[in-house]
Amino acid sequence: RDTDENAVQDFDGTAVRAFDTIRPQQIDQFSAELRWHGDYDNVQVVGGLYYFTSDYNINQQTFVFGGEVAGTDYQQAADSYAVFAQVDWEVVDRLTLTLGGRYLYDKKEACGGAGFGTPDNRNFDGFGGVSYGVCNDFRVANGNFSNDILDAEGMVAAQADGSESWDRFTPRIALTYQLDNGIIFASYSQGFRSGGFNGRGTNPSTLGPYDPELVKNYEAGFKSDWFDRRLIFNFTGFYTDYEDKQEDVVFPDPAGATVTVVQNAASATIWGLEAEFRALPMEGLSIGLNIGYLNSEYDEWLDQGPIIEFVEGVPTPVEPAQLGVIDRSDSLLRRAPEWTITADVNYEYQIDADRSLIFAADYSFKDDYSIVANTVTINDPNPGLIDAFGLLNASLSYQTERYKLSVFGRNLTNAAYFQHVLDAATTFGRTADSAAPVPTGGFFTFGTLNPPRTWGIQGEVRF
(Lines give C-alpha, C1' and ligand atoms only; values in the text may rest on other atoms or scores of the structure.)
Protein backbone atom coordinates (compact mmCIF):
# COMPACT_ATOMS: atom_id res chain seq x y z
CA ARG A 1 0.00 0.00 0.00
CA ASP A 2 1.43 3.37 -1.08
CA THR A 3 -0.37 6.47 0.19
CA ASP A 4 0.19 10.16 -0.57
CA GLU A 5 -1.91 12.55 1.49
CA ASN A 6 -2.04 16.28 2.01
CA ALA A 7 -4.03 17.08 5.15
CA VAL A 8 -5.09 20.75 5.35
CA GLN A 9 -6.80 21.74 8.61
CA ASP A 10 -8.26 25.03 9.86
CA PHE A 11 -8.57 24.76 13.64
CA ASP A 12 -9.79 28.19 14.77
CA GLY A 13 -13.37 27.95 13.48
CA THR A 14 -13.41 31.52 12.13
CA ALA A 15 -13.18 33.19 8.71
CA VAL A 16 -9.84 34.69 9.80
CA ARG A 17 -6.78 32.56 9.08
CA ALA A 18 -5.78 32.38 12.74
CA PHE A 19 -4.41 28.86 13.18
CA ASP A 20 -4.09 26.26 10.43
CA THR A 21 -1.75 23.50 9.30
CA ILE A 22 -0.65 21.78 6.09
CA ARG A 23 0.60 18.22 6.54
CA PRO A 24 1.80 16.44 3.39
CA GLN A 25 2.70 12.85 4.22
CA GLN A 26 3.67 9.64 2.45
CA ILE A 27 3.25 6.09 3.73
CA ASP A 28 4.60 2.99 1.99
CA GLN A 29 3.67 -0.38 3.53
CA PHE A 30 4.10 -4.03 2.68
CA SER A 31 2.97 -7.09 4.62
CA ALA A 32 2.92 -10.83 3.99
CA GLU A 33 1.65 -13.83 5.94
CA LEU A 34 2.24 -17.55 5.50
CA ARG A 35 -0.22 -19.90 7.22
CA TRP A 36 -0.36 -23.64 7.69
CA HIS A 37 -3.46 -25.53 8.89
CA GLY A 38 -3.73 -29.07 10.11
CA ASP A 39 -6.69 -31.19 11.26
CA TYR A 40 -5.93 -34.42 13.15
CA ASP A 41 -9.02 -36.08 14.60
CA ASN A 42 -9.55 -34.21 17.87
CA VAL A 43 -6.70 -31.69 17.31
CA GLN A 44 -6.66 -28.64 15.04
CA VAL A 45 -3.42 -26.74 14.46
CA VAL A 46 -2.62 -23.43 12.81
CA GLY A 47 0.81 -21.83 12.57
CA GLY A 48 2.52 -19.22 10.50
CA LEU A 49 4.96 -16.43 9.83
CA TYR A 50 4.23 -12.70 9.47
CA TYR A 51 6.27 -9.81 8.08
CA PHE A 52 5.49 -6.09 7.94
CA THR A 53 7.60 -3.14 6.77
CA SER A 54 6.77 0.54 6.34
CA ASP A 55 8.34 3.90 5.55
CA TYR A 56 6.65 7.08 6.73
CA ASN A 57 7.36 10.75 6.05
CA ILE A 58 5.55 13.95 7.12
CA ASN A 59 6.39 17.64 6.72
CA GLN A 60 4.08 19.74 8.85
CA GLN A 61 3.74 23.47 8.26
CA THR A 62 1.93 25.47 10.95
CA PHE A 63 0.54 28.97 10.36
CA VAL A 64 -0.62 31.55 12.91
CA PHE A 65 -2.46 34.53 11.36
CA GLY A 66 -1.09 33.50 7.97
CA GLY A 67 2.56 33.45 9.01
CA GLU A 68 4.44 30.17 9.33
CA VAL A 69 5.80 29.15 12.70
CA ALA A 70 8.11 26.20 13.22
CA GLY A 71 6.63 23.00 11.88
CA THR A 72 7.72 19.44 12.58
CA ASP A 73 9.29 17.01 10.13
CA TYR A 74 9.44 13.30 10.78
CA GLN A 75 10.60 10.16 8.99
CA GLN A 76 10.44 6.56 10.21
CA ALA A 77 11.31 3.08 9.00
CA ALA A 78 9.70 0.12 10.77
CA ASP A 79 10.09 -3.64 10.41
CA SER A 80 8.11 -6.31 12.24
CA TYR A 81 8.57 -10.09 12.25
CA ALA A 82 6.38 -12.67 13.99
CA VAL A 83 5.93 -16.41 14.31
CA PHE A 84 2.67 -17.75 15.74
CA ALA A 85 0.87 -21.01 16.43
CA GLN A 86 -2.32 -22.28 18.07
CA VAL A 87 -3.52 -25.76 19.00
CA ASP A 88 -7.16 -26.62 19.74
CA TRP A 89 -7.33 -30.01 21.48
CA GLU A 90 -10.60 -31.69 22.41
CA VAL A 91 -9.30 -33.27 25.60
CA VAL A 92 -12.53 -35.11 26.36
CA ASP A 93 -15.94 -35.03 24.73
CA ARG A 94 -17.17 -31.40 24.52
CA LEU A 95 -14.15 -29.92 26.38
CA THR A 96 -11.55 -28.12 24.22
CA LEU A 97 -8.21 -26.81 25.44
CA THR A 98 -6.61 -24.01 23.38
CA LEU A 99 -2.91 -23.20 23.62
CA GLY A 100 -1.41 -20.47 21.48
CA GLY A 101 1.37 -17.98 21.31
CA ARG A 102 3.09 -15.35 19.20
CA TYR A 103 6.70 -14.21 19.24
CA LEU A 104 7.12 -10.70 17.86
CA TYR A 105 10.25 -8.69 17.01
CA ASP A 106 9.93 -5.01 16.07
CA LYS A 107 12.59 -2.53 15.01
CA LYS A 108 12.08 1.19 14.34
CA GLU A 109 14.39 4.02 13.33
CA ALA A 110 13.25 7.61 13.29
CA CYS A 111 14.38 11.16 12.56
CA GLY A 112 12.72 14.39 13.52
CA GLY A 113 13.18 18.06 12.85
CA ALA A 114 11.77 21.50 13.56
CA GLY A 115 11.76 23.69 10.49
CA PHE A 116 10.37 26.33 8.16
CA GLY A 117 9.54 26.32 4.48
CA THR A 118 8.04 23.99 1.91
CA PRO A 119 9.12 20.33 1.84
CA ASP A 120 11.43 20.95 -1.15
CA ASN A 121 13.00 24.10 0.35
CA ARG A 122 13.25 23.38 4.05
CA ASN A 123 15.36 25.04 6.74
CA PHE A 124 15.31 23.02 9.94
CA ASP A 125 17.13 21.55 12.89
CA GLY A 126 17.20 17.77 12.68
CA PHE A 127 17.80 14.95 15.15
CA GLY A 128 17.35 11.20 15.34
CA GLY A 129 18.47 7.95 13.72
CA VAL A 130 22.18 7.52 13.18
CA SER A 131 21.92 4.66 10.67
CA TYR A 132 18.60 5.29 8.91
CA GLY A 133 19.59 6.37 5.39
CA VAL A 134 16.73 8.82 4.78
CA CYS A 135 17.85 10.77 7.84
CA ASN A 136 20.56 12.19 5.63
CA ASP A 137 17.84 14.58 4.39
CA PHE A 138 18.09 16.27 7.78
CA ARG A 139 21.85 16.81 7.48
CA VAL A 140 21.72 19.58 4.86
CA ALA A 141 23.65 22.79 4.51
CA ASN A 142 20.74 25.04 5.50
CA GLY A 143 20.11 23.31 8.82
CA ASN A 144 21.64 21.73 11.91
CA PHE A 145 21.66 18.14 13.10
CA SER A 146 22.19 17.16 16.74
CA ASN A 147 21.16 14.31 18.99
CA ASP A 148 22.18 16.10 22.19
CA ILE A 149 19.65 15.95 25.04
CA LEU A 150 20.31 18.88 27.35
CA ASP A 151 19.70 19.13 31.09
CA ALA A 152 18.27 22.12 32.94
CA GLU A 153 21.70 23.82 32.91
CA GLY A 154 22.08 23.39 29.13
CA MET A 155 24.69 20.63 29.43
CA VAL A 156 24.58 17.45 27.32
CA ALA A 157 22.94 14.77 29.45
CA ALA A 158 22.31 12.00 26.90
CA GLN A 159 22.02 11.17 23.21
CA ALA A 160 18.87 10.32 21.21
CA ASP A 161 20.01 7.92 18.51
CA GLY A 162 16.48 7.36 17.14
CA SER A 163 16.84 3.61 16.87
CA GLU A 164 15.27 0.90 19.05
CA SER A 165 13.96 -2.67 18.90
CA TRP A 166 11.58 -4.67 21.05
CA ASP A 167 10.56 -8.31 21.27
CA ARG A 168 7.90 -10.17 23.20
CA PHE A 169 6.26 -13.57 23.49
CA THR A 170 2.51 -13.34 24.11
CA PRO A 171 0.68 -16.55 25.11
CA ARG A 172 -2.99 -17.52 25.14
CA ILE A 173 -4.73 -20.34 26.99
CA ALA A 174 -8.45 -21.07 26.91
CA LEU A 175 -11.01 -23.69 27.87
CA THR A 176 -14.32 -24.13 26.04
CA TYR A 177 -17.09 -26.51 27.08
CA GLN A 178 -19.82 -27.27 24.54
CA LEU A 179 -23.38 -27.32 25.91
CA ASP A 180 -26.46 -28.59 24.14
CA ASN A 181 -27.50 -25.00 23.50
CA GLY A 182 -24.26 -23.00 23.72
CA ILE A 183 -20.78 -22.85 25.25
CA ILE A 184 -19.04 -21.95 28.50
CA PHE A 185 -15.58 -20.44 28.09
CA ALA A 186 -12.65 -18.97 30.01
CA SER A 187 -9.36 -17.59 28.74
CA TYR A 188 -6.11 -15.85 29.65
CA SER A 189 -4.10 -13.93 27.08
CA GLN A 190 -1.37 -11.34 26.80
CA GLY A 191 -1.11 -8.50 24.31
CA PHE A 192 1.77 -6.36 23.15
CA ARG A 193 1.71 -2.94 21.47
CA SER A 194 5.13 -2.02 20.17
CA GLY A 195 7.05 0.98 21.42
CA GLY A 196 7.95 3.80 19.07
CA PHE A 197 9.03 7.36 18.47
CA ASN A 198 7.14 10.65 18.56
CA GLY A 199 6.32 12.09 15.16
CA ARG A 200 5.52 15.44 16.81
CA GLY A 201 8.69 15.71 18.87
CA THR A 202 10.34 19.13 18.55
CA ASN A 203 13.81 18.30 19.89
CA PRO A 204 15.95 15.27 20.81
CA SER A 205 14.49 15.09 24.32
CA THR A 206 10.95 14.54 22.99
CA LEU A 207 11.78 12.20 20.09
CA GLY A 208 11.49 9.15 22.32
CA PRO A 209 11.40 6.25 22.30
CA TYR A 210 8.37 5.42 24.38
CA ASP A 211 8.05 1.89 25.78
CA PRO A 212 5.82 -0.97 24.60
CA GLU A 213 2.39 -1.39 26.14
CA LEU A 214 1.77 -4.77 27.76
CA VAL A 215 -1.70 -6.14 28.47
CA LYS A 216 -2.91 -9.16 30.44
CA ASN A 217 -6.54 -10.10 29.94
CA TYR A 218 -8.75 -12.59 31.81
CA GLU A 219 -12.18 -13.42 30.41
CA ALA A 220 -14.98 -15.85 31.21
CA GLY A 221 -18.60 -16.26 30.25
CA PHE A 222 -21.15 -18.21 28.28
CA LYS A 223 -23.12 -18.02 25.04
CA SER A 224 -26.52 -19.68 24.79
CA ASP A 225 -29.62 -19.93 22.61
CA TRP A 226 -33.09 -21.14 23.68
CA PHE A 227 -36.45 -22.13 22.20
CA ASP A 228 -35.11 -23.14 18.80
CA ARG A 229 -32.83 -20.01 18.68
CA ARG A 230 -35.73 -17.63 19.26
CA LEU A 231 -33.92 -16.32 22.35
CA ILE A 232 -30.16 -15.67 22.62
CA PHE A 233 -28.47 -14.79 25.91
CA ASN A 234 -24.72 -14.17 26.22
CA PHE A 235 -22.78 -13.01 29.28
CA THR A 236 -19.09 -12.14 29.67
CA GLY A 237 -16.88 -10.81 32.44
CA PHE A 238 -13.33 -9.58 31.92
CA TYR A 239 -10.36 -8.13 33.79
CA THR A 240 -7.60 -6.27 31.93
CA ASP A 241 -4.29 -5.19 33.42
CA TYR A 242 -2.15 -2.64 31.54
CA GLU A 243 1.56 -2.06 32.08
CA ASP A 244 3.21 1.04 30.54
CA LYS A 245 -0.10 2.02 28.93
CA GLN A 246 0.47 4.33 25.95
CA GLU A 247 -1.34 7.66 25.89
CA ASP A 248 -1.02 10.38 23.25
CA VAL A 249 -1.05 13.63 25.20
CA VAL A 250 -0.23 17.31 25.05
CA PHE A 251 2.06 18.02 27.98
CA PRO A 252 4.70 20.54 29.13
CA ASP A 253 7.93 20.23 27.15
CA PRO A 254 10.96 20.55 29.49
CA ALA A 255 12.78 22.30 26.61
CA GLY A 256 9.90 24.50 25.42
CA ALA A 257 6.19 25.26 25.86
CA THR A 258 4.20 22.12 25.00
CA VAL A 259 4.63 19.06 22.84
CA THR A 260 2.26 16.39 21.51
CA VAL A 261 3.75 12.97 22.18
CA VAL A 262 2.95 9.41 23.16
CA GLN A 263 3.67 8.85 26.83
CA ASN A 264 3.65 5.74 29.02
CA ALA A 265 1.28 5.81 31.97
CA ALA A 266 2.75 3.40 34.51
CA SER A 267 -0.24 1.08 34.92
CA ALA A 268 -4.01 0.89 34.55
CA THR A 269 -6.79 -1.60 35.30
CA ILE A 270 -10.10 -2.16 33.51
CA TRP A 271 -12.74 -4.71 34.43
CA GLY A 272 -16.28 -5.08 33.29
CA LEU A 273 -19.39 -7.13 32.56
CA GLU A 274 -21.34 -7.47 29.31
CA ALA A 275 -24.78 -9.00 28.70
CA GLU A 276 -26.48 -9.52 25.35
CA PHE A 277 -30.11 -10.47 24.69
CA ARG A 278 -31.78 -11.13 21.35
CA ALA A 279 -35.40 -12.29 21.00
CA LEU A 280 -37.64 -13.29 18.07
CA PRO A 281 -41.07 -13.29 19.80
CA MET A 282 -43.11 -13.46 16.58
CA GLU A 283 -42.70 -13.73 12.84
CA GLY A 284 -40.84 -10.70 11.47
CA LEU A 285 -40.08 -9.11 14.86
CA SER A 286 -36.55 -8.95 16.33
CA ILE A 287 -35.67 -7.24 19.64
CA GLY A 288 -32.16 -6.78 20.99
CA LEU A 289 -30.63 -5.43 24.20
CA ASN A 290 -26.97 -5.03 25.22
CA ILE A 291 -25.81 -3.82 28.63
CA GLY A 292 -22.20 -3.12 29.60
CA TYR A 293 -20.58 -2.08 32.88
CA LEU A 294 -17.00 -0.80 32.98
CA ASN A 295 -14.71 0.10 35.86
CA SER A 296 -11.47 1.75 34.75
CA GLU A 297 -8.68 3.59 36.55
CA TYR A 298 -4.99 4.37 36.40
CA ASP A 299 -3.12 2.57 39.15
CA GLU A 300 -0.19 4.97 38.76
CA TRP A 301 0.78 7.72 36.31
CA LEU A 302 3.71 9.98 37.20
CA ASP A 303 4.73 12.87 34.96
CA GLN A 304 6.95 15.92 35.30
CA GLY A 305 6.38 19.63 34.99
CA PRO A 306 7.50 23.00 36.30
CA ILE A 307 7.12 23.90 39.96
CA ILE A 308 4.86 26.94 40.21
CA GLU A 309 3.69 29.51 42.73
CA PHE A 310 0.68 31.80 42.62
CA VAL A 311 1.52 35.46 42.06
CA GLU A 312 -1.63 37.60 42.54
CA GLY A 313 -3.67 34.49 41.79
CA VAL A 314 -1.79 33.65 38.56
CA PRO A 315 0.19 30.36 38.43
CA THR A 316 3.80 31.33 37.67
CA PRO A 317 6.95 29.16 37.38
CA VAL A 318 9.34 29.69 40.28
CA GLU A 319 12.75 31.25 39.69
CA PRO A 320 15.16 29.67 39.07
CA ALA A 321 13.14 27.17 37.01
CA GLN A 322 12.60 23.77 38.65
CA LEU A 323 10.95 20.55 37.51
CA GLY A 324 8.97 18.28 39.82
CA VAL A 325 7.04 15.02 39.76
CA ILE A 326 3.35 15.40 38.91
CA ASP A 327 0.89 12.69 39.97
CA ARG A 328 -1.73 12.14 37.24
CA SER A 329 -3.09 8.89 38.68
CA ASP A 330 -6.53 10.46 39.22
CA SER A 331 -6.93 11.12 35.49
CA LEU A 332 -9.76 9.37 33.67
CA LEU A 333 -9.17 6.75 31.01
CA ARG A 334 -10.49 8.02 27.71
CA ARG A 335 -13.76 6.81 26.19
CA ALA A 336 -14.54 4.48 29.08
CA PRO A 337 -18.12 5.19 30.26
CA GLU A 338 -19.22 3.25 33.33
CA TRP A 339 -22.53 2.16 31.77
CA THR A 340 -23.46 1.59 28.14
CA ILE A 341 -26.85 0.38 26.92
CA THR A 342 -28.03 -0.29 23.38
CA ALA A 343 -31.47 -1.50 22.34
CA ASP A 344 -32.98 -2.12 18.93
CA VAL A 345 -36.22 -3.32 17.38
CA ASN A 346 -36.84 -4.41 13.80
CA TYR A 347 -40.22 -5.42 12.42
CA GLU A 348 -40.83 -6.56 8.85
CA TYR A 349 -44.43 -6.76 7.67
CA GLN A 350 -44.83 -8.91 4.59
CA ILE A 351 -47.36 -7.29 2.23
CA ASP A 352 -47.08 -10.13 -0.25
CA ALA A 353 -44.40 -12.47 -1.57
CA ASP A 354 -42.40 -9.63 -3.17
CA ARG A 355 -43.15 -6.56 -1.03
CA SER A 356 -42.67 -5.64 2.63
CA LEU A 357 -42.69 -2.74 5.08
CA ILE A 358 -39.77 -2.55 7.51
CA PHE A 359 -39.70 -0.50 10.70
CA ALA A 360 -36.38 -0.21 12.54
CA ALA A 361 -35.35 1.78 15.60
CA ASP A 362 -32.33 1.74 17.90
CA TYR A 363 -31.37 3.59 21.05
CA SER A 364 -27.92 3.87 22.62
CA PHE A 365 -26.96 5.32 26.01
CA LYS A 366 -23.50 6.27 27.24
CA ASP A 367 -22.69 7.26 30.79
CA ASP A 368 -20.33 10.14 31.63
CA TYR A 369 -16.86 9.72 30.12
CA SER A 370 -13.75 11.63 29.05
CA ILE A 371 -12.44 12.08 25.51
CA VAL A 372 -9.15 13.70 26.57
CA ALA A 373 -6.10 12.29 28.33
CA ASN A 374 -5.27 15.70 29.79
CA THR A 375 -8.17 16.21 32.16
CA VAL A 376 -6.36 19.24 33.67
CA THR A 377 -7.45 22.44 31.94
CA ILE A 378 -8.15 26.11 32.56
CA ASN A 379 -11.62 25.57 31.04
CA ASP A 380 -14.51 25.29 33.46
CA PRO A 381 -16.40 23.18 32.67
CA ASN A 382 -13.94 20.95 30.81
CA PRO A 383 -15.38 20.29 27.31
CA GLY A 384 -13.45 17.02 27.19
CA LEU A 385 -15.66 15.57 29.96
CA ILE A 386 -18.85 14.36 28.28
CA ASP A 387 -22.10 14.16 30.21
CA ALA A 388 -24.31 11.10 29.79
CA PHE A 389 -26.48 11.13 26.67
CA GLY A 390 -28.73 8.94 24.55
CA LEU A 391 -29.14 8.66 20.78
CA LEU A 392 -32.33 7.53 19.05
CA ASN A 393 -32.49 6.53 15.37
CA ALA A 394 -35.48 5.23 13.40
CA SER A 395 -36.46 4.38 9.83
CA LEU A 396 -39.44 3.17 7.81
CA SER A 397 -38.80 1.36 4.53
CA TYR A 398 -40.80 0.02 1.62
CA GLN A 399 -38.93 -2.88 0.00
CA THR A 400 -39.38 -5.01 -3.10
CA GLU A 401 -37.10 -7.60 -4.59
CA ARG A 402 -35.22 -4.90 -6.48
CA TYR A 403 -36.06 -1.52 -4.88
CA LYS A 404 -35.97 -0.04 -1.40
CA LEU A 405 -37.21 3.41 -0.34
CA SER A 406 -36.58 4.61 3.23
CA VAL A 407 -37.47 7.59 5.37
CA PHE A 408 -35.06 7.91 8.29
CA GLY A 409 -34.26 10.07 11.27
CA ARG A 410 -30.94 10.07 13.13
CA ASN A 411 -30.24 11.51 16.57
CA LEU A 412 -33.94 12.19 17.08
CA THR A 413 -33.25 13.25 20.67
CA ASN A 414 -30.97 15.99 19.23
CA ALA A 415 -28.24 15.13 21.72
CA ALA A 416 -25.17 17.40 21.49
CA TYR A 417 -21.72 16.31 22.62
CA PHE A 418 -18.08 16.70 21.62
CA GLN A 419 -16.54 13.86 19.63
CA HIS A 420 -13.05 15.36 19.88
CA VAL A 421 -11.49 18.14 21.96
CA LEU A 422 -7.96 19.57 22.23
CA ASP A 423 -6.66 22.36 24.44
CA ALA A 424 -4.03 23.98 22.20
CA ALA A 425 -0.88 24.94 24.10
CA THR A 426 -2.37 23.98 27.47
CA THR A 427 0.32 23.52 30.10
CA PHE A 428 0.30 22.36 33.70
CA GLY A 429 2.65 22.31 36.64
CA ARG A 430 2.66 21.61 40.37
CA THR A 431 3.20 23.53 43.55
CA ALA A 432 6.10 22.87 45.87
CA ASP A 433 3.71 21.36 48.45
CA SER A 434 1.58 19.10 46.25
CA ALA A 435 2.16 16.76 43.30
CA ALA A 436 -1.38 17.39 41.96
CA PRO A 437 -1.40 18.90 38.44
CA VAL A 438 -2.33 22.59 38.17
CA PRO A 439 -3.28 24.19 34.81
CA THR A 440 -0.99 27.10 33.96
CA GLY A 441 -2.29 28.45 30.66
CA GLY A 442 -3.53 27.73 27.17
CA PHE A 443 -3.91 29.15 23.66
CA PHE A 444 -7.48 28.15 22.79
CA THR A 445 -9.67 25.05 22.81
CA PHE A 446 -11.21 23.47 19.72
CA GLY A 447 -13.30 20.39 19.13
CA THR A 448 -15.74 18.57 16.88
CA LEU A 449 -19.45 18.23 17.68
CA ASN A 450 -21.59 15.25 16.70
CA PRO A 451 -24.13 15.61 13.85
CA PRO A 452 -27.44 17.16 15.03
CA ARG A 453 -30.94 15.76 14.48
CA THR A 454 -31.04 14.64 10.82
CA TRP A 455 -33.94 13.61 8.56
CA GLY A 456 -33.60 12.06 5.15
CA ILE A 457 -34.95 9.92 2.32
CA GLN A 458 -32.85 7.17 0.82
CA GLY A 459 -33.39 4.97 -2.22
CA GLU A 460 -31.66 1.74 -3.24
CA VAL A 461 -31.70 -0.24 -6.48
CA ARG A 462 -30.30 -3.77 -6.70
CA PHE A 463 -28.72 -4.87 -9.99
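In the predicted model, strand β17, which spans residues 285-300, makes the greatest contribution to a surface patch of negative charge, supplying three of its residues. The patch brings together Glu297, Asp299, Glu300, Asp327 and Asp330. Of these, Asp299 is located in β17, and its relative accessibility of 39% places Asp299 in the partly exposed class, because that class lies between the limits of 20% and 50%.

A nonpolar patch is also found on the surface, where Leu34, Leu49, Tyr81, Val83, Tyr103, Tyr105 and Phe169 together present about 670 Å² of accessible area. Strands β6 (71-92) and β7 (95-116) each provide at least two residues of this nonpolar patch. Tyr81 belongs to β6 and, with a relative accessibility of 41%, is counted as partly exposed.

Turning to the backbone, a cis peptide bond with omega of about 15° links Gly208 and Pro209, the latter residue being situated in the loop that connects α1 (204-207) with β14 (213-226). The peptide bond from Asp380 to Pro381 is likewise cis, its omega being near 5°, and Pro381 is placed in the loop between β23 (369-370) and β24 (385-386).

Positive phi values occur at two residues that are not glycine, namely Phe65, at about 55°, and Arg335, at about 50°. Phe65 lies in the loop between β4 (61-64) and β5 (67-69) and is exposed, with a relative accessible area of 61%.

Key. Residues numbered from 1 in each chain as written. Predicted model: local features only at pLDDT ≥ 70, side-chain atom pairs only at ≥ 80, totals over all residues. Heavy atoms only, no water. Patch = residues over 30% accessible without salt bridge, like charges linked within 9 Å, V, L, I, M, F, W, Y side chains within 5 Å. Areas by Shrake-Rupley, 256 points an atom, 1.4 Å probe, with all protein chains shown as cover. Salt bridge = Lys/Arg side-chain N within 4 Å of Asp/Glu carboxyl O. Helix = DSSP H or I, 4+ residues; strand = E, 2+ residues; numbered from the N terminus. Buried < 20%, exposed > 50% of the residue type's maximum accessible area, 1.4 Å probe, protein only. Lys, Arg positive; Asp, Glu negative; His and termini not counted. Charge placed at Lys NZ, Arg CZ, Asp CG, Glu CD.
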